[in-house]
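Hi,

Here is the structure I promised to pass on. Please have a look at it first, and then read my notes below.

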Amino acid sequence: MSTTLARRRSAELQELIGADAGVFRILTGDRPTGLLHVGHYFGTLQNRVRLQDLGTEIFVVIADYQVLTDRDTAERLDEHVTGLLLDYLAIGIDPARTVIFAHSAVPALNQLLLPFLSLVSVPELSRNPTVKDEISHSRQSAVSGLMLTYPVHQAADILFCKANLVPVGQDQLPHVETTRLVARRFNQRFGVPVFPLPDALLSAAPLLLGTDGAKMSKSRGNTIPLAATADQTAGLIRGARTDAIRHITYDPDARPEVSSLVLLAALCLGRDPHEVAADIGDGGAAALKGTLTCAVNEMLAPVRARRAEYARDLGYVRRVLREGNERANEIAAATLAEVLTVMGMGYRDLCGADPAHLRAKIYAGGCPSGGASSWARWITWKTKKRLHAAVTGETVVTRGLQR
Ligand code: TRP
């Protein structure tokens, strides 16, 4: 899907969310490679909290296996995972409503990768533009199998819980396309509508550049982390790149570095960037940096205070992950059971070898997609019927796939 189409679809989705946020189940996530920063905050984090508070069910994956796509070993994983958890809790992710889990702790999710890989061709994998870009920036001399296949792993992240909405930045659009492809082909190949076709929800926030004027990225060291102190923030902003023109204006095409700083200040202040620039005017870069430092530090002060509080109770933080992992495992096991059953592998002792036990599980809600929308209800009913047939040996007549 082109970016223009994705934007149009995202606007439609925003309306649907406004009408009834409860029909959506969201899966989103981050690689544990460093501290989350202001770009994440305005790009996705703020939106996660908004959607959570509107009543959407959210799953957040800490994508630890995905760290190994462009490097041989994942450094300081434990520290980065704890850092992500602290950032999530500090910005307002509520573990009572949102499930936070790690890839590596959910074996059934990872197993979905195998049937999913059988549904995509090597040329399709090689064409993914985001993967191509990452290969060109990779620290490895050869392209690993994981680098080429991680978008399919990401499909498993999204589909294990039958998420129907994935809030992403533009670079993740090809991965959502892969996910839709996998879901569509799985449903068609096995004749059972097991998976929804999830939509990408593009963020409305414009792109923020790093303090060096390049793309803001954890691995480039050009970010303003949420967890930085007020002094560190002042230092990072003091060192940010500007240009030789004294008068401050907001003109992202002609003056990308200055405009990105103006934009960040405007986002923190909830103001229009042109107005912020006009107020600074001949004050120049020094005044801009002063305004920006105050704006960032003021906006982040409560987040940082909460983060410090959670950091004093790491037992609680670990418990959040443990409970999220448990919930994700329950759902992944149910989805994998369903997948194996429709693939004709119902003999595998997963839900218990006893078909009556499996049947009980299916009717007790083994299909977790049973959301409020009628489409989700239809899927659930149909899937249950086919699963029932698979374990009892009855034949069922279906009308073929819809959607
Ligand atoms: N690829 C995402 C990133 O690099 C992280 C991620 C992993 C993700 N699995 C996901 C995002 C599923 C959305 C949905 O930040």
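Which residues in H8 meet which residues in H9? On the H8 side they are Tyr 150, Pro 151, Val 152, Gln 154, Ala 155, Ile 158 and Leu 159, and in H9 they meet His 175, Thr 178, Thr 179, Val 182 and Ala 183. Contact here means heavy atoms within 4.5 Å. Helices (H or I, at least four residues) and strands (E, at least two) are DSSP runs, numbered from the N terminus.

Before the rest, a word on the source. This is a predicted model, in which local features need pLDDT of at least 70 and side-chain atom pairs count only at pLDDT 80 or more, while totals for chains, interfaces and linings use all residues. Residues are numbered from 1 along each chain as its sequence is written, and side-chain values use heavy atoms, with hydrogens and water left out.

Back to the helix pair. H8 and H9 (residues 173-190) pack at about 70°, and their axes are 8 Å apart; axes are lines fitted to C-alpha atoms, for helices over the stretch in contact, with angles from 0 to 180 degrees between N-to-C directions. The two helices are therefore roughly perpendicular (65 to 115 degrees). Their crossing is right-handed, that is, the near helix is turned clockwise from the far one by less than a right angle.

Arg 76 is exposed (over 50%), at 54%.

Leaving aside residues up to four places away in sequence, Thr 293 touches Ala 234 and Ile 237.

Finally, confidence: pLDDT is the predictor's confidence in each residue, from 0 to 100. The chain has a mean of 88, and 86% of its residues reach 70 or more. Over residues 350-379 pLDDT stays under 50, and the model has 49 contacts beyond four places in sequence for them. Residues 396-403 are also below 50, with 19 contacts beyond near neighbours in sequence.

Best wishes

Note on methods. Buried means under 20% relative accessible area, exposed over 50%, partly exposed in between (1.4 Å probe, protein chains only). Angles under 35 degrees count as roughly parallel, over 145 as roughly antiparallel, 65 to 115 as roughly perpendicular and the rest as oblique.
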